[in-house]
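Here are my notes on the model, for you to read with the structure open.

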Amino acid sequence: MGRGKIEIKLIENPTNRQVTYSKRRNGIFKKAHELSVLCDAKVSLIMFSKNNKMHEYISPGLTTKKIIDQYQKTLGDIDLWRSHYEKMLENLKKLKDINNKLRRQIRHRIGEGLDLDDLSFQQLRTLEEDMVASIGKIRERKFHVIKTRTDTCKKKVKSLEQMNGNLLLELKEKCVIHPQFILHDEGDEESAVALANGASTLYAFCQHHTHLNLPHHAEALPQQQQPFKTHDLRLA
């Protein structure tokens, strides 16, 4: 027995409606493909579901634009792109007006092309408010940059102080292991210059004469053979 006829009307059940749409859509696409292959026809199908989901079929080797262009060329007196082109021109005009307005505001704020005598009281007041708002934004940005750089410098100083403390602790431990060396602060003019150049603390090593076995005539030796002094080895 053949299939009975069904009444053509809207399917009320959403689930059944979606199932029917999917099945018949696939069937139409299958028939369109067969027609395109068997008859070498140019076929284009565009479908939109109730949820505005688009489904499209186009013959192999073609694009939807080519089909539409050929459709417009065949009809001759229909311009499918006219309305779209007019909307683009209108949008372009709005963007140009906004751009010109912004350029004019920029020139006014930098003092170019501005004649204060031609401005009304309300325009002068608006210009003043804009300048005050701009100055506020610049000041806020400046303080933010200063704060960021200050915090960065504080972190660097803290890190250097910690490194300095670790080095000092390590040196003190080595002085305990090697008692022939003494670690003490320097307070001469040379130390003051080093501190002025950025050193937080200056230390020097000196070696006990009891460990050197120096001859009595050490003072008469040449400068290259003089024993070490307190300023011969420094750590800033």
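1. Asp-69 and Lys-65 sit four residues apart in helix H2, which means that about one helical turn separates them. They form a salt bridge, with 2.8 Å between the closest N and O atoms; the term here stands for a side-chain nitrogen of Lys or Arg within 4 Å of a carboxyl oxygen of Asp or Glu. Lys-65 is exposed, at a relative accessible area of 51%, while Asp-69 is partly exposed at 29%. For these words, buried is under 20% relative accessible area, exposed is over 50%, and partly exposed is in between, with a 1.4 Å probe and protein chains only.

2. A word on provenance before going on. This is a predicted model, in which local features need pLDDT of at least 70 and side-chain atom pairs count only at pLDDT 80 or more, while totals for chains, interfaces and linings use all residues. Residues are numbered from 1 along each chain as its sequence is written, and side-chain values use heavy atoms, with hydrogens and water left out.

3. Now the overall layout. The chain has five helices and five strands, and from the N terminus on the order is α-β-β-α-α-α-β-α-β-β. Both kinds of element are DSSP runs numbered from the N terminus: helices are H or I with at least four residues, strands are E with at least two. Of the 236 residues in the chain, 12% are buried.

4. Back to H2, residues 64-75. Its twelve residues should span 16 Å at 1.5 Å a residue, and the end C-alpha atoms are 17 Å apart, so the two agree. The expected span is 1.5 Å times one less than the number of residues. Just after H2, Gly-76 takes a positive phi of about 80 degrees.

5. What does the surface show around here? Tyr-71, Leu-75, Leu-80 and Trp-81 make up a nonpolar patch with about 370 Å² of accessible area together. Leu-80 belongs to the loop between H2 and H3, and it counts as partly exposed because its relative accessibility is 34%. Patches take residues with over 30% relative accessible area and no salt bridge, joining like charges within 9 Å and nonpolar side chains (Val, Leu, Ile, Met, Phe, Trp, Tyr) within 5 Å. The areas themselves are Shrake-Rupley values with a 1.4 Å probe, and for residues only the protein chains shown count as cover.

6. There is a charged patch too: Lys-101, Arg-103, Arg-104 and Arg-107 gather as positive charge on the surface. Arg-103 lies in helix H3, residues 82-109. Lys and Arg count as positive and Asp and Glu as negative, leaving out His and the chain ends; each charge is placed at NZ of Lys, CZ of Arg, CG of Asp or CD of Glu.

7. Helix H4 covers residues 121-177. Its 57 residues reach 84 Å from first C-alpha to last, close to the 84 Å expected at 1.5 Å a residue. Its buried residues include Leu-127, Ser-134, Leu-168, Leu-171 and Cys-175.

8. How many salt bridges are there? The count comes to four. Among them is Glu-129 with Arg-125, at 3.7 Å from N to O; both lie in H4, four residues apart, about one turn of the helix. Glu-129 is partly exposed at 45%, and Arg-125 is partly exposed at 44%. Lys-147 and Asp-151 also meet in a salt bridge, at 3.1 Å, and are again four residues apart in H4. Lys-147 is exposed at 52%, whereas Asp-151 is partly exposed at 29%.
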